[in-house]
Amino acid sequence: MTQTMIEAGKLNVHFGSNHVVHDVSFSVAAGEAFGLVGESGSGKSTVLRCIAGLVDSWDGVLRVDGKQLGHRRDKEFFRQVQMVFQDPYGSLHPRQTIDRILSEPLAVHGIPDAETRITRALEEVALPRTARFRYPHQLSGGQRQRVAIARALIANPSVLLLDEPTSALDVSVQAEVLNLLADLRQARQLTCILVSHNLAVVGHLCGRLAVMQGGRIVEILSEAQLRAGQATHAHTQDLIALSHELEG
Amino acid sequence: MTQPLVEIQNLRVEFPSSSGGYNQAVRGVSMSLGREKLGIVGESGSGKSVTGRALMRLLPEAARVKADKLVFDGVNVLSASERTMRGLRGGRIGLILQDPKYSLNPVMTIGAQIAEAWRAHNKGGKKEALEAALNLLEQVRIRDPRRVLDSYPHEVSGGMGQRVMIAMMLAPNPDMLIADEPTSALDASVQAEILRLIDDLVSARGMGLMLISHDLPLVARFCDRVAVMYAGQVMETLPAQDLHHAEHAYTRGLLDCMPHLSEKRARLPVLNRDPKWLEPRS
């Protein structure tokens, strides 16, 4: 049995008087890719943001790499766990060059050899060398998302949290980014959690997934069960039927 | 049906570029639309939205628009007066945009906004307009129209906001709807609901629909015909039910590179862009 990398136990989140996540428990093995699907408002992104340390009003148990997480995280945590957001237009600093964006995590964590690491990171995400001294607005949406992935990977994390990483992209660019993520995950043995409302995308990248509705996990199933349509919960069955219908 | 509602022949749109020249956004697009559902698909930057905007003359002044023919129901859009255009925009052609959060006025109640749209194109008092608004909200299948009438846009969900936008566009009884990525900001399940609603309303009222989207399978399900655009040109136009047998390499490429639930593939095929697609088409 491989080691558990991420574990959530009876996670609850309140925003003011709103109880948005109810008793969510799951665990992700090291090197596994786990999907969280559901409609907007189902709490999937909130769970991800709790793990990343971006949401504070949670209680329950969260563990990453065997260590129990508190509400304040240490610097090592923020190196080990990295996140890629949905909108590459919003997540990169508009007045910093790609070089500056990529050197920041290195400076924060005191990692040496910025020069070689940045060149290598750009190569890894298949960006041209010329992109290094450009600003985000000079790149296309797909290239920007590659920069966001490069920034997440440059500090050598072991966990990658992906929040709808391809839903702002064209299908042609989505294919390139999904291939890139699959390659990087394999090469670096990353543990991933992917949040998406697109079942086909989750099925492509993840081995297991949890379906959320109204802040609760209603079902956890494997990719094979998903493809075979072996879902027991009505909501999962609806989502699968809809996905097949739209595929035509 | 004798005459098509919209006729576009050899439409060209250029925008000034920073280097002083012009960038061609649309390069010789021709299409016609009757009272039917036409889908326009393509990647971002393919010129699909610009084509829709050109028809309503909503492009920035700096844009250069040329066409052999750009006609909406007998009105020449290229030479019509601003007054005539005002009657067309919102009056005879409704436009639904991607994100209701940005297209609704955040400081006006939904009822007041729909009533305003109604009064802009119909004669009648405030009370009549509010009644019309209530009726329109019922038509777009909002369960509790009275409550929504008094709500502000931030108090309703994305799907509800999009229904409100549709209600507003239906107020003047338009002949045609242009829906520019109407569901891209919504969940898959809400997406299907909104498109079904648009589909029903368009069919019931006998309107023409131009559905602009980057989502090929979605468009194929809801439209009669699909025009596939790449780099400012129409690559092919085909009946929606034949989309899965499309022959053009670009259309095939777009369909292939999507992950499918029904089959497992280790890698997704990547679109190989053929420089031939960029050559001017006859």
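Two residues are in contact here if their C-beta atoms, placed from the backbone, lie within 7 Å. With that in hand, meet B:Asp187, which touches A:Glu39, A:Ser40 and A:His197, leaving out residues up to four places away in sequence. This is a predicted model, where local features need pLDDT of at least 70, side-chain atom pairs count only at pLDDT 80 or more, and totals for chains, interfaces and linings use all residues. Residues are numbered from 1 along each chain as its sequence is written, while chains are lettered from A and ligands numbered from 1 in the order in which they are written.

So where does B:Asp187 sit? Look in the loop between strand E8 (176-180) and helix H8 (188-205) of chain B; helices (H or I, at least four residues) and strands (E, at least two) are DSSP runs, numbered from the N terminus. B:Asp187 counts as buried because 20 other C-beta atoms lie within 10 Å (buried takes 20 or more, exposed 12 or fewer, partly exposed in between).

Now for the largest nonpolar core, with its 151 residues, where A:Ile193 and B:Ile114 touch the most other members. Such a core is a set of buried Ala, Val, Leu, Ile, Met, Phe, Trp, Tyr and Cys residues joined through C-beta atoms within 7 Å. Helix H7 (residues 158-170) of chain B gives the largest share of this core, eight residues. Among the residues that B:Ile114 touches are B:Ala133, B:Leu136 and B:Met168, again not counting residues up to four places away in sequence.

Over in chain A, A:Ile98, A:Ile101, A:Leu102 and A:Pro105 of H3(A) meet A:Val147, A:Ala150 and A:Arg151 of H5(A).
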